[in-house]
Amino acid sequence: MSDPSFGEKGGEPPPTGLTSRLKEFRSAGKGFWANVTDTDWRDWRWQLKHRITSLEQLQKFLPTLTPEEHAGTLLANTKLAMAITPCFFNLIDASDENCPIRRQVIPRIEETGTAPWEMSDPCGEDSHSPVPGLVHRYPDRVLFLVTDRCASYCRYCTRSRLVSNATGYDFHPEFESQIDYIRKTPVIRDVLLSGGDPLLLSDAKLEYLLTQLRAIPHVEFLRIGSRIPIFLPQRITPELCAILKRFHPLFISIHSNHPRELTSEVREALGRLADAGIPLGNQSVLLRHVNDNSEVMKAHIQKLLMCRVRPYYLYQCDLITGSAHLRSSVRKGLEIMDSLRGHTSGYAVPQYVIDAPGGGGKVPINPEYVLSHNRDRVVFRNFEGKVFEYPEGADEIPLVREAATRFAEPQLV
Ligand SMILES: *Cc1c(COP(=O)(O)O)cnc(C)c1O
């Protein structure tokens, strides 16, 4: 039975034209590279070789470069390199100075400023590093930094201190010391490959690395954190998928922030990974003028589900040096989370976290639903703001005799 008044009572605004436009799958197209052959365009090595890395290229392809971007690009390579794959570059709206794609990858002069609370290692990773290239912060899992290279560089990168060859960080190509540490540390049951972007390693290197890790009996679970499916979907070849599927259970966490990043090529690449049996999650960073908006965020997470990706974390932006212009407030983050939970599929709703400055790890930050809680009852609100209560139970009442024997070990007579 349908309730004709539901629309009014539910108070949900109908999807606007903006939402449906944001959720459309479009091809990144060849754009500025119209003369390139299809074979080259679809070749990930071609995409990498033709990345935009200099001010000259940027000026050629983006006539609307602002003074802030111009100055930022001149200085970028002294800190975090600029690199943008052609297919990602084509997502930029040249007529929009505040284009959400543009803000993520084109340097700005604001990057050279440092607020007093900003840090070069905001999550305190170096102090939790038992051997170079490995972060062991949580009891049962490690973060394994396998390369310092990415297909493109995010301007808010929390690891800008070591990616893009920033400081001559020491990556041992054979990964001996890291693998050795994992091998002799039996509490490690979960290894997360990150960097840099692990999917930039060659197939042979990845296969070698995954084989080494799989040979360690206490490593139960492998995962890869990668933005390659977004920046370079051409890299997700059938050959790569065939290798990855031999190392299950293996999960991949992708990183995307705005629905426009989810092109038809990206959806196909994610489909190949999902077809290889790889569960896919997404990590987003809350970014000012990129996705700090309920409608944009909702379109993004719904579109992720359409790509077979489960939104995993929404990060409050780390206090990385020079990121003030990209950071949104925690207040805004909470407001967005409040607009998601209950209002759309639970599977679409990520966990909002702050990676505690200085190295405390990820801490969940949630809108307040519990209004009061004492020994008798808990009073809480739902997503519509309606208030409910639930009687609090007692944990200390011992099991009655009869129930206790029911749960006891059977006795032989
Ligand atoms: C994020 C992170 C992990 C993984 O955390 P999960 O909550 O299990 O996804 C592991 N190690 C480090 C250092 C991390 O930053």
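This is a predicted model: local features need pLDDT of at least 70, side-chain atom pairs count only at pLDDT 80 or more; totals for chains, interfaces and linings use all residues.
**View 1. Residues of the shell around the ligand.**

View 2. Oxygen atoms of the ligand lie within 3.5 Å of N or O atoms in protein side chains, the cut-off for a polar contact. For Y312, a polar side-chain atom is 2.6 Å from a ligand oxygen. The side chain of K362 places an N or O atom 3.1 Å from an oxygen atom of the ligand. For R137, the distance from a side-chain N or O atom to an oxygen atom of the ligand is 3.4 Å. On its own the ligand has 390 Å² of accessible area, of which the protein covers 91%.

**View 3. The aromatic pair of F61 and F89.** The structure contains 14 aromatic pairs, and one of them is formed by F61 and F89. A pair of aromatic rings is described by the distance of the centres and the angle of the planes. For F61 and F89, the centres are 6.0 Å apart and the planes make an angle of 65 degrees, an edge-to-face arrangement. F61 belongs to helix α5 (residues 55–61) and F89 to helix α7 (residues 86–89), so this pair ties together parts that lie 28 residues apart in sequence.

**View 4. Two cis peptide bonds in loops.** Most residues other than glycine have a negative phi, and most peptide bonds are trans. The bond from G195 to G196 is cis, with omega near 15 degrees. G196 is located in the loop that connects β3 (190–194) and α10 (203–214). A cis peptide bond also runs from H248 to P249, where omega is near -5 degrees. P249 lies in the loop between α12 (238–244) and β5 (250–255).

**View 5. The backbone at H289.** Although H289 is not a glycine, its phi is positive, at about 65 degrees. The loop between β6 (280–286) and α14 (294–306) holds H289.

Notes. Residues are numbered from 1 along each chain as its sequence is written. Side-chain values use heavy atoms; hydrogens and water are left out. A polar contact is a pair of N or O atoms within 3.5 Å; within protein, one must be able to donate a hydrogen and the other to accept it, and residues adjacent in sequence count only if both atoms are side-chain atoms. Accessible areas come from the Shrake-Rupley method with a 1.4 Å probe; for residues, only the protein chains shown count as cover. Rings of Phe, Tyr and Trp (its six-membered ring) pair if their centres lie within 6.5 Å; planes under 30 degrees apart count as stacked, over 60 as edge-to-face and the rest as tilted. Helices (H or I, at least four residues) and strands (E, at least two) are DSSP runs, numbered from the N terminus.
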